[in-house]
Amino acid sequence: MAQKHIGDNKTLEMLRAFIALSKSPNLTRVSSELGLTRQTVRRYISHLEELKGAPLFALNRNNYALTPLGAAMVDDAKAILSLTERWCARASTTTPTRPQLETSHCIDGDGRESFSQQHPLCHMSHKASPLVQEALAAWAASSAKLESLAFQEIRPHIIIYKKDPRGWLCVEIGDQSAYTRWFGWAWSKSAVGNLSSEDQAGTEFDRMVSETYSKVHRGGEARLDHVFAHLPREDSPEPVPVTFQRLLMTLLLPDQTPVLAVLVIITREVEIDALAQEMNPSPAENYDVFT
């Protein structure tokens, strides 16, 4: 995985080169349009082909023609590039309170508050943990396909939900996921096949989570949130306060059915504007095995 990890800016440049060459078969023309050398464009395409494990273009009389794999990847590349550029455009006009990004708040029956604040994906380099950054890179490299080899090293760290008429059905929980370590092995194994609303996190919190899941799933996108919540644990008679980063990613099964992958990193490194300092979780043991 490490040798395939590429930085966000370089990834966008490679996707632009791929899309441009898919539209125009002439390498010289594409290089001029992008302001890059021919060697750079060729290197970008070669790197993408290495990630995909097969040629994206065939060279025919100095012209580049898409292979069947390349043709199948064009729409995915356009979608990833469009999503990232849209996020970056939003971020460029963001005020300190980030009004154009979604914030959520709920209170349970015992008066415990939970908060969620969305963060721009283009702030990944300094607002997200390394594993979250790696997961987003894998999501892009996999063309949002769950069974892609590019996504396999991230898979043990995530939980996967499938949209069900009754709610969000848990279909897979990674053995290395924060869910498994927070709720315990027994809970994680028994949760497969259950709805997310059956996790005893509370009706109001589950409703807040479900609404966010639906928006990401409907848009076929990825999203980064910082969250403060009170979650149950086997070793505590009361829900325990905790903060975490959460990356949501829409992925496709082999039959093109969309599912939602959830990566959670338990950490104190969160920015939530509405979260008062005195509400920050204090028990250090909540974080020892996660950071």
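Trainee: Which residue in β7 stands opposite Phe115?

Mentor: First, keep in mind that this is a predicted model, where local features need pLDDT of at least 70, side-chain atom pairs count only at pLDDT 80 or more, and totals for chains, interfaces and linings use all residues. Residues are numbered from 1 along each chain as its sequence is written, while side-chain values use heavy atoms, with hydrogens and water left out. Now find β4 (residues 113–119) and β7 (residues 222–231), which run antiparallel. Standing opposite Phe115 in β7 is Phe228.

Trainee: How many bridges join β4 to β7?

Mentor: Strands here are DSSP runs of E with at least two residues, helices are runs of H or I with at least four, and both are numbered from the N terminus. Two strands pair if DSSP finds at least two bridges between them. For β4 and β7, the number of bridges is five.

Trainee: What is the order of the strands in the open sheet?

Mentor: Strands of a sheet pair through backbone hydrogen bonds, either parallel or antiparallel. Here there are seven strands, and the pairing is antiparallel. The order is β3-β4-β7-β8-β9-β5-β6.

Trainee: Which strands are the edge strands?

Mentor: Look for strands that pair on one side only. By the way, neighbouring strands of this sheet are turned by 25° against each other on average, direction ignored. The edge strands are β3 (103–107) and β6 (167–173).

Trainee: Why does β6 count as largely enclosed by the rest of the structure?

Mentor: We call a residue buried under 20% relative accessible area, exposed over 50% and partly exposed in between, using a 1.4 Å probe and protein chains only. β6 is largely enclosed because of how many of its seven residues are buried: five.

Trainee: In β6, which residue is the bridge partner of Asp164?

Mentor: Start with the hairpin, where two residues join β5 to β6. These antiparallel strands share six bridges. In β6, the partner of Asp164 is Gly167.

Trainee: At about what angle to β8 does helix α9 run?

Mentor: Axes are lines fitted to C-alpha atoms, for helices over the stretch in contact, and angles run from 0 to 180 degrees between N-to-C directions. Helix α9 (residues 203–219) lies across β3, β4, β5, β6, β7, β8 and β9. Another helix, α6 (residues 130–141), lies across β7, β8 and β9 at about 10° to β8. For α9, the angle to β8 is about 25°.

Trainee: Is His217 buried or exposed?

Mentor: His217 sits in helix α9. Contact means heavy atoms within 4.5 Å, and leaving aside neighbours within four places in sequence, His217 touches Lys163, Trp168, Thr250, Pro258, Val259 and Leu260. Its relative accessibility is 16%, so His217 is buried.

Trainee: How many disulfides are there?

Mentor: The rule asks for a pair of cysteine sulfur atoms within 2.5 Å. By the disulfide rule, the count is zero.

Trainee: Are α2 and α3 roughly parallel or roughly perpendicular?

Mentor: Helices α2 (residues 27–34) and α3 (residues 38–52) pack at about 100°, with axes 9 Å apart. The contact uses Leu27, Thr28, Val30 and Ser31 of α2 and Arg38, Val41 and Arg42 of α3. Angles under 35 degrees are roughly parallel, over 145 roughly antiparallel, 65 to 115 roughly perpendicular, and the rest oblique. So α2 and α3 are roughly perpendicular.

Trainee: What is the phi of Ser143, about?

Mentor: Most residues other than glycine have a negative phi, and most peptide bonds are trans. Ser143 lies in the loop between α6 and β5, and Ala144, in the loop between α6 and β5 too, has a positive phi of about 60°. Although Ser143 is not a glycine, its phi is positive, at about 55°.

Trainee: In β2, which residue is the bridge partner of Phe57?

Mentor: β1 (residues 57–60) and β2 (residues 63–66) pair antiparallel over four bridges. Their hairpin has two residues between the strands, and Arg61 takes a positive phi near 55° there. In β2, the partner of Phe57 is Leu66.
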